[in-house]
Amino acid sequence: MSAALRAQTARLFYAIAFDGRSANEVLLELRQQISDRHEQGFVQECLFGTARHFEKLDWMLNQLLSKSFKKKDNDLRCLLLTALYQLFYLDKPSHAVVSESVNATRQLDKDWASKLVNGVLRNAQRQGKELMSSDQQPLNVQHELPQWLFKRLRGAWPRQLGAIAEAAATKAPLVLRINQSHPEAAHYSDHLSTANIEFETHKTVESAIRLKQAVPVSQIPLFDEGLFSVQDLSAQLAAWILPLTSSNKVLDACAAPGGKTAHLLERHQLNLTAVDKDPRRAEKIHQNLQRLSLECEVIAADAGQLEESAFDGILLDAPCSATGVIRRQPDIKLHRQNSDIAQVVNEQKQLLESLWAKVKQGGHLLYATCSILPQENAEQIKGFLDRHPDAKLEPLATDIMALGIDTRFGLQILPQNWHDGFFYALLKKA
Ligand SMILES: C[S@@+](CC[C@H](N)C(=O)[O-])C[C@H]1O[C@@H](n2cnc3c(N)ncnc32)[C@H](O)[C@@H]1O
């Protein structure tokens, strides 16, 4: 890879790490700037990988530097972090990584730093392996988690901490949802086999299959025709858990981009309203439904302010810390902060309160988050049940409960190869 591409990678990583932009947004920009698929793949791998292993790479870089960078030179820090990622996590020839990273200083208009970059990377080649496994690393660095999240997770899940940290530092598999209402649904395995795509089925969730190797969705047969969607196993549970029958009046309160909306509509013919307060994200619900030939009313609004009520079922897939999906969005490690948690817990509480009033008697509200923090999950539901004597926590099917931990206030699924971290609590109105 050229020096120009490495400088570009450093700039894009800077946008994620120092300008707070999401990796997905930056990737869209990348696709506009670079047309070569191979180069796009390389940059994407470096951005996601460097974010995934940021704590370790940054600690290592600090050991290799005699003094830290000035703020205005954080682009060089990003150049070095992405180079260290290539040296220690990718199978790239190390002489090319070093020499092209040195040349990239010119592309960043910082020729003066070429000796520094050369020195740091050469030292990394010599001492890197030792540093990578050094027991001098603070515990959060060993677990590749930001300090605040490490502390919270160690408090919440002391026995599972190692597995959680490992999952957060590992790439997630590609899991598909088979559209069981598609005319070709019964033949999905023939289509995949014909395309030489190897997959496994899941013993509990019949809509889910996991690909043995990731392939671009454009290469999955009948993807454009709506036979499949990309959706993690845990996210697929919502439509299996919420007890609905055809023609029920249903609200998907935080619906964009519409993954769970579509799954609900694939399973039942519903009178469904999908709401999201972000108009740009709400637009994505239309696009998703169109590909799957599904329809429902889509509203861009604050779900808490809706006038309609008396719903048979409400899905509240609440805004959350997303700490259960770090393996899919590793930039969460860089962006989320301790102070965000109290704010998001409060938002969830407000939404639960206002949406509960819209559930009809005997109806259900399914509360879901892709968080693994008890404050957003079990503690949130415990508080809700204490405040609402008309709410009862419903038991979930035994095979679904077996996917996670029974917190007594809902099912907590921790991230692990097949599935992301997720929480579900099914509430029934007396
Ligand atoms: C976890 S995502 C939803 C994912 C979606 N259910 C799916 O399966 O594709 C949470 C969504 O909640 C939306 N949101 C946050 N606060 C909201 C509110 N007060 N009313 C409606 N939507 C809200 C966000 O814009 C975001 O799209």
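Start by selecting A282, I285, L289 and R291, the buried residues of helix 14. The model on screen is predicted. Look down the axis of helix 14: the buried residues fall within an arc of 165°, so they line one face of the helix.

Now select the whole of helix 14, residues 279-291. This helix has 13 residues, and the distance from its first C-alpha to its last is 19 Å, close to the 18 Å expected at 1.5 Å a residue.

Turn to the face of helix 14 that points away from the buried side. The exposed residues R280 and Q290 are found there.

Go back to the buried side and show what covers it. The cover of the buried residues includes strand 4 (228-230) and helix 13 (259-267). Strand 6 (271-276) and strand 7 (297-300) are also among the elements that cover them.

Next, look at the two ends of helix 14. At the N-terminal end, select D278, which caps the helix. A side-chain oxygen of D278 lies 3.0 Å from the backbone nitrogen of R280. After the helix comes S293, which has a positive phi, near 55°.

Finally, select the ligand. There are 19 residues around the ligand, and those that come nearest are K260, D276, R281, A303 and D317. Show the side chain of D276: one of its polar atoms lies 2.7 Å from an oxygen atom of the ligand. In R281, a polar side-chain atom lies 2.7 Å from a ligand oxygen atom. Then select D302, where an N or O atom of the side chain is 3.0 Å from a nitrogen atom of the ligand. Taken alone, the ligand exposes 610 Å², and the protein buries 86% of that.

Notes:
Residues numbered from 1 in each chain as written. Predicted model: local features only at pLDDT ≥ 70, side-chain atom pairs only at ≥ 80, totals over all residues. Heavy atoms only, no water. Helix = DSSP H or I, 4+ residues; strand = E, 2+ residues; numbered from the N terminus. Expected span 1.5 Å × (residues − 1). Buried < 20%, exposed > 50% of the residue type's maximum accessible area, 1.4 Å probe, protein only. Arc of directions from axis to C-beta. Contact = heavy atoms within 4.5 Å. Polar contact = N/O pair within 3.5 Å; in protein donor to acceptor, adjacent residues only side chain to side chain. Near = heavy atom within 4 Å. Areas by Shrake-Rupley, 256 points an atom, 1.4 Å probe, with all protein chains shown as cover.
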